[in-house]
Amino acid sequence: MSHWEGEEKESFLTFTLGDEQFAASIHQVREILEMQAITRIPGSSPFARGILNLRGNILPVFDTHLKFGLEAKAPTSNTRIIVLEIKHNSEILHVGAIVDSAREVVQFSPKSIQNPPSMDDYKKAIFILGIVKLEDDFVMLVDLNKVFSASDVENLSPIL
């Protein structure tokens, strides 16, 4: 059974990590920031880069490369922090995700979204909702609520 039931097109923000393209539901994207200074929190997980001040609020920031099991990459002029709304229990939390670049908002019809491969090696990527062909590339649609797990959020609770 597909995650995508309706007939209406869904909007996604595409972003890159290395050579790969990903997309997240535009409904969970609050804003896109240029890369800026991040305060490291001692003892936090390797992918938790730290916190930054977002208009007087603490925003935890994650290195999406490391979270996805990819190699860390030095920031460039294209590096962005995508501010996301994550559901945790009954709460809505805001987190920042560092990506190589934020691309564009695109729309996909549910019929164009294919399920990810069901082979054992791909089952570990539980945060991949589906795959879409966009021009000559494949775009992986991510479930942000699964990317940033409850334990990730709970580990940040002392600073939030």
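This is a predicted model: local features need pLDDT of at least 70, side-chain atom pairs count only at pLDDT 80 or more; totals for chains, interfaces and linings use all residues.
Local features here need pLDDT of at least 70, side-chain atom pairs count only at pLDDT 80 or more, and totals for chains, interfaces and linings use all residues. Residues are numbered from 1 along each chain as its sequence is written, and side-chain values use heavy atoms, with hydrogens and water left out.

Me: What is the geometry of the aromatic pair formed by Phe-22 and Phe-68?
Reply: The ring centres of Phe-22 and Phe-68 are 5.1 Å apart. Their planes make an angle of 70 degrees, and the pair is edge-to-face.

Me: Is Phe-22 buried or exposed?
Reply: Buried means under 20% relative accessible area, exposed over 50%, and partly exposed in between (1.4 Å probe, protein chains only). Because its relative accessibility is 5%, Phe-22 counts as buried.

Me: Is Asn-57 buried or exposed?
Reply: The relative accessible area of Asn-57 is 52%. Therefore Asn-57 is classed as exposed.

Me: Which residue lies over the face of Phe-47?
Reply: A charge sits over a ring if NZ of Lys or CZ of Arg is within 6 Å of the ring centre and within 35 degrees of the ring normal. At 4.3 Å from the ring centre of Phe-47, the residue over its face is Lys-67.

Methods:
Rings of Phe, Tyr and Trp (its six-membered ring) pair if their centres lie within 6.5 Å; planes under 30 degrees apart count as stacked, over 60 as edge-to-face and the rest as tilted.
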